[in-house]
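Subject: Structure for you to look at

Hello,

Here is the structure I promised to pass on. Please open it before you read further.

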Amino acid sequence: MTSALTSVPSSLSLAAASLYGAVAMCSLVAAGVAILRKQQGWHVSGWLLLAVLFVFLAVLRVYGVEEAIRHDLRSVLYHEGVYGERRTFQRPVAAIAVALISLGAAAWIYIGFRNVVGRRNVAMLIGFASAYCMIGLLGLRLISLSPVDKLLFGPAKLNWFIDIGSSLAVFASAAYYSWLVGWRRRKSA
């Protein structure tokens with residue numbers, strides 16, 4: 001099995017990795033603010049987890065790991081002689097992935113917004129929900145089912161909208177959290 005790790009990332013990959021890096025930095029700032037302002041422990045660990053996720057996504061993008069995994073999976077299918085029948089198992093896997101993503105999103109909305117009180121907690125919830133969308137998108141891209149790929153990479157460029165939109169939502173949530181927690185503390189001092 002030959003790996004297809006990219007030696008030189010494309011300008012789009014570098015731009016995406018830069019965005020992910022900015023999201024990771026903003027999440028680290030939010031974690032730092034949470035520590036300094038003695039916020040709940042899950043806020044600190046949540047922002048740190050989001051920072052780690054986006055560093056991981058940046059590394060995947062710069063080194064072309066996602067494309068290498070897709071390439072290696074195709075190579076295995078060719079080698080096993082089942083590449084022509086790949087849709088027979090891609091369809092159920094894609095259906096399960098879409099169902100899990102949808103159920104997870106519904107759970108975030110129903111349980112999260114129903115039980116979460118306070119702007120800081122809502123910012124955390126939005127950050128986590130957006131990161132969940134990123135993970136779901138990554139899963140769908142790895143499954144690489146043709147009809148899903150046409151939706152994601154077709155003329156509407158849903159892949160870009162979901163990727164950039166989710167990243168910016170995490171960034172905005174972290175920035176808002178940092179501003180809110182820092183501002184409220186300074187105002188009361």
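Below is what I found in it, from the overall layout down to single residues.

First, a caution. This is a predicted model. Every value below was computed from it.

**Overall layout**

The protein has 7 helices and 0 strands. Along the sequence the pattern reads α-α-α-α-α-α-α. The C-alpha atoms fill a box of roughly 70 × 40 × 30 Å along the principal axes. The protein has 189 residues, and 37% of them are buried.

**The α1 and α2 pair**

Helix α1 covers residues 11-36, and helix α2 covers residues 41-63. Their axes come within 8 Å. They cross at roughly 165°. Angles over 145 degrees count as roughly antiparallel, so α1 and α2 are roughly antiparallel to each other. The crossing of α1 past α2 is left-handed. What kinds of residues make up this contact? They divide into 21 nonpolar, 3 polar and 1 charged.

Lys38 sits in the loop between these two helices. Lys38 is not a glycine, yet its phi is positive, about 50°. Lys38 is exposed, with a relative accessible area of 72%.

Lys157 is another residue to check for its backbone. Its phi is positive too, at about 55°, and Lys157 is not a glycine either. Lys157 lies in the loop between α6 (146-153) and α7. With a relative accessible area of 34%, Lys157 is partly exposed.

Helix α5 spans residues 119-143, and Ser130 is in it. Is Ser130 buried or exposed? Its relative accessible area is 9%, so Ser130 is buried. Set aside the neighbours within four places in sequence. Ser130 then contacts Ser166, Ala169 and Val170.

Leu137 is also in helix α5. Leu137 counts as buried, at 3% relative accessibility. Not counting residues up to four places away in sequence, Leu137 touches Leu152, Asn159, Ile162 and Asp163. Leu158 is 21 residues from Leu137 along the chain. The C-alpha atoms of Leu137 and Leu158 are separated by 9.9 Å.

**Salt bridges**

How many salt bridges does the structure hold? There are 6.

Begin with Arg61 and Asp163. Their closest N and O atoms are 2.9 Å apart. Arg61 lies in helix α2 and Asp163 in helix α7 (residues 158-188), so this pair ties together parts that are 102 residues apart in sequence. Arg61 is partly exposed, at 22% relative accessibility. Asp163 is buried, with a relative accessible area of 6%.

Asp163 also forms a salt bridge with Arg141. Here the closest N and O atoms are 3.2 Å apart. Arg141 lies in helix α5 and Asp163 in helix α7, so the pair ties together parts that are 22 residues apart in sequence. Both Arg141 and Asp163 are buried. Asp163 is one of the residues that Leu137 touches as well.

Next, Arg74 and Glu67. Their side chains meet in a salt bridge, with an N to O distance of 3.9 Å. Arg74 counts as partly exposed, at 30% relative accessibility. Glu67 is partly exposed as well, with a relative accessible area of 35%.

Now back to Arg141 and Asp163, whose salt bridge has its closest N and O atoms 3.2 Å apart.

**Where to look first**

One is the crossing of α1 and α2, at roughly 165°. Another is Asp163 with Arg61 and Arg141.

Best wishes

Note on methods. Residues are numbered from 1 along each chain as its sequence is written. This is a predicted model: local features need pLDDT of at least 70, side-chain atom pairs count only at pLDDT 80 or more; totals for chains, interfaces and linings use all residues. Side-chain values use heavy atoms; hydrogens and water are left out. Axes are lines fitted to C-alpha atoms, for helices over the stretch in contact, and angles run from 0 to 180 degrees between N-to-C directions. Helices (H or I, at least four residues) and strands (E, at least two) are DSSP runs, numbered from the N terminus. Angles under 35 degrees count as roughly parallel, over 145 as roughly antiparallel, 65 to 115 as roughly perpendicular and the rest as oblique. A crossing is left-handed if the near helix is turned anticlockwise from the far one by less than a right angle, and right-handed if clockwise. Ala, Val, Leu, Ile, Met, Phe, Trp, Tyr, Cys and Pro count as nonpolar, Asp, Glu, Lys and Arg as charged, and the others, Gly among them, as polar. Buried means under 20% relative accessible area, exposed over 50%, partly exposed in between (1.4 Å probe, protein chains only). Contact means heavy atoms within 4.5 Å. A salt bridge is a side-chain nitrogen of Lys or Arg within 4 Å of a carboxyl oxygen of Asp or Glu.
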